[in-house]
Amino acid sequence: MPIRTRPTTWRTLATAATAALTATLLTPAAADAAAPRESRPVHSYADAIREAVWVDTGLDEDLDGRTDRVAVDIVRPREAGRAGRKVPVIMDASPYYSCCGRGNESQTKTYDGHGDIVRMPLFYDNYFVPRGYAVVGVDLAGTSRSDGCVDVGGRSDIRSAKAVVDWLNGRATAYSSRTGGERVRADWTDGSTGMIGKSWDGTIANGVAATGVEGLKTIVPVAAISSWYDYYFAQGAPLYGSGPDWLARYVQTPEAREHCTEVARELTDGAPRTGDRTPLWTERDYVRAAKKVRASVFLVHGMQDLNVRMQHVGPWWDALGKNGVRRKIWLSQTGHVDPFDFRRAEWVRTLHRWFDHELKGIDNGIDREPVADIERAPDEWVTSTAWPPRGTHAVTLRPAHGARDGVGTLGLRPGRGTASFTDDPALDETDWATRIDTPTPEKAGFVTRPLTRDLRLAGSSRVTVTVTPSTPTAHLSAVLVDLGPDTIRDYADAGEGIVTLSERTCWGASTEGDSSCYRETRAKTADVGHTVVSRGWADLGEHAGTGRGEPLVPGKRYTIGLDLAAADHVVPRGHRLALIVAGTDRGLIDPPADTPTLTLDLARTSARVPFAGGAAAFARATSGPPVTAPHTAPDGVRPPAATAHRVPGETR
């Protein structure tokens, strides 16, 4: 819940912050010559126009006999209209504006007696409206003040946001009320629109961009889903004990719950818990439509996000690049956290420059700067001119028996023989990694020698296993682990790598009803003995890759590839890199119906891992004089406990 602070305190802080920003930005021309061009806070936020319209989506999802209208709240600079200047739009389309709130302080929209917006959640309007932008908050269909139904990333969700982009470009109709009302034109905008949002909001931005809608110039998806199947399943293995029908009920209005029973039935029937790929999932796969994307993409994600996992980054990023989309990326050590809460000042500065360039056409050089920012340690960032960095190549690593039974090696030479393990749903990746040097029955572990130099892994990995199950059902996990002591963000803590403080800082102008001042944060760290770098899971019944699982024949050998999430991690000199293959990863995937024992054929098991410098870099790092492995603590960051219902956008 938001922290209640007296409005007078907020106004004082906001006034001081605005004065400081104005003093910095409105400097003489001589100072301008040394600074990049940027939009400036020359418009009054207090006098901004605040209004609401309802845009017709052309759908009748709630089957009430009239097309659905979605509520659109707008804050825009009054002076621009008086001067006849049209402004670009920053838009956040969300299901959370009334049910759950936005941001670290769970802000909801508030309204005056006329139904016009008083508080728009987050800092976007406070900061960007004075700089000549309109900020638009869209209630997705079936939520808050909108008609229609929530269909969790399907046509209703996407159409309810796309229709607003169309209206901003003169291609759709809006009205002054939810029913009836006069038609309203968006004659105050130039149509250039940027969408932004975290989690579900960012997912909608991905989905709208994948329609190729004209006028959408850029999107900034933060911790966003690129394929809804991959939110609920990992190659057939269920990640949660619920489906999209539960999620729709969680966010939609009581009215929508009453009238959207047909959509609810479609969500239930179309998303069976078997993990089979169905037309419902195909419709919600934005990666396959990446060729339609016209907008540039500034993608932000936490590499330890166990809600919207890094599996949503690699395929989307690669597909966008293949289709020539201009891209930028930030990768943090956090879990499901907004960059405003882990790198605030740099985030606001960078986002300002990005929107200036993409929506106002200001040549500020951001398009010529490094593509990627990666958090290498808490609050320590590095950049790459490309991502993955140039010279990165996948290297095939081979597991083999070691000097001790049950403790294998990992290198370039193929192994021989077999290794067996029995699924134990009570254990997880932390248990496996902690006991990597001890033979245990629930895992097969393989480890490099201590590295003689740093080794950077960047991109997506794939582990191929040939395995013989003892039962008709089996789930598999594959995990890459950096074995060695480190201090990292504590992503399994309730704050997922941050601690929220009592002090506030202000980002833009404020009114009595809408403060620009937010509680500061700092990194929440943990000292660990190992760090999980990347994870992947699969139902062995999906081995054929058809999207439909099948019962296994006990004693029969199967081969399957497990797609591991994208990552960017440096394994330091003296540390070791481990590959662990096991069954159920407690809290991260659900167990199978049986408790199988699985036998790996080592000669036909391998991991394709992308290293900067390729095979030569790996060979150099694993050769040379022996290096003493550093002492490792007995534990790492334990994954969060299993959650039957997790919500994209929810902060644990």
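## Helix 13, end to end

The expected span of a helix is 1.5 Å times one less than its number of residues. In this predicted model, helix 13 covers residues 344–360, and its 17 residues should therefore span 24 Å.

## How helices 5 and 6 meet

Let's turn to a pair of helices. Two packed helices are described by the angle between their axes and the distance between the axes. Helix 5 (residues 155–168) packs against helix 6 (residues 200–209) at an angle of about 70°, and their axes are 9 Å apart. Angles of 65 to 115 degrees count as roughly perpendicular, and helix 5 and helix 6 are therefore roughly perpendicular to each other. Their crossing is right-handed.

Which residues make the contact? Helix 5 contributes Asp157, Ile158, Ala161, Lys162 and Val165, while helix 6 brings Trp200, Ile204, Gly207 and Val208. Sorted by class, this contact of helix 5 with helix 6 has six nonpolar residues, one polar residue and two charged ones.

## Backbone points to look at in the loops

Two residues have a positive phi although neither is a glycine: Ala223, at about 50°, and Asp379, at about 65°. You will find Ala223 in the loop that runs between strand 10 (216–222) and helix 7 (229–232). Is Ala223 buried or exposed? Its relative accessible area is 1%, and since buried means under 20%, Ala223 is buried. Asp379, for its part, is in the loop between strand 15 (372–377) and strand 16.

Another loop, between strand 16 (380–384) and strand 17 (392–404), holds Pro388. The peptide bond leading from Trp387 to Pro388 is cis, and its omega is near -10°.

Finally, have a look at Thr521, which sits in strand 25 (residues 517–523). With a relative accessible area of 16%, Thr521 is buried, as that value falls under the 20% cut-off.

What does Thr521 touch, leaving out residues up to four places away in sequence? Its contacts are Asn104, Asp341, Phe342, Arg344, Ile498, Val499, Thr500 and Leu501. Thr521 and Leu501 are 20 residues apart in sequence, yet their C-alpha atoms are 5.3 Å apart in space.

Key
Residues are numbered from 1 along each chain as its sequence is written. This is a predicted model: local features need pLDDT of at least 70, side-chain atom pairs count only at pLDDT 80 or more; totals for chains, interfaces and linings use all residues. Side-chain values use heavy atoms; hydrogens and water are left out. Axes are lines fitted to C-alpha atoms, for helices over the stretch in contact, and angles run from 0 to 180 degrees between N-to-C directions. Helices (H or I, at least four residues) and strands (E, at least two) are DSSP runs, numbered from the N terminus. Angles under 35 degrees count as roughly parallel, over 145 as roughly antiparallel, 65 to 115 as roughly perpendicular and the rest as oblique. A crossing is left-handed if the near helix is turned anticlockwise from the far one by less than a right angle, and right-handed if clockwise. Contact means heavy atoms within 4.5 Å. Ala, Val, Leu, Ile, Met, Phe, Trp, Tyr, Cys and Pro count as nonpolar, Asp, Glu, Lys and Arg as charged, and the others, Gly among them, as polar. Buried means under 20% relative accessible area, exposed over 50%, partly exposed in between (1.4 Å probe, protein chains only).
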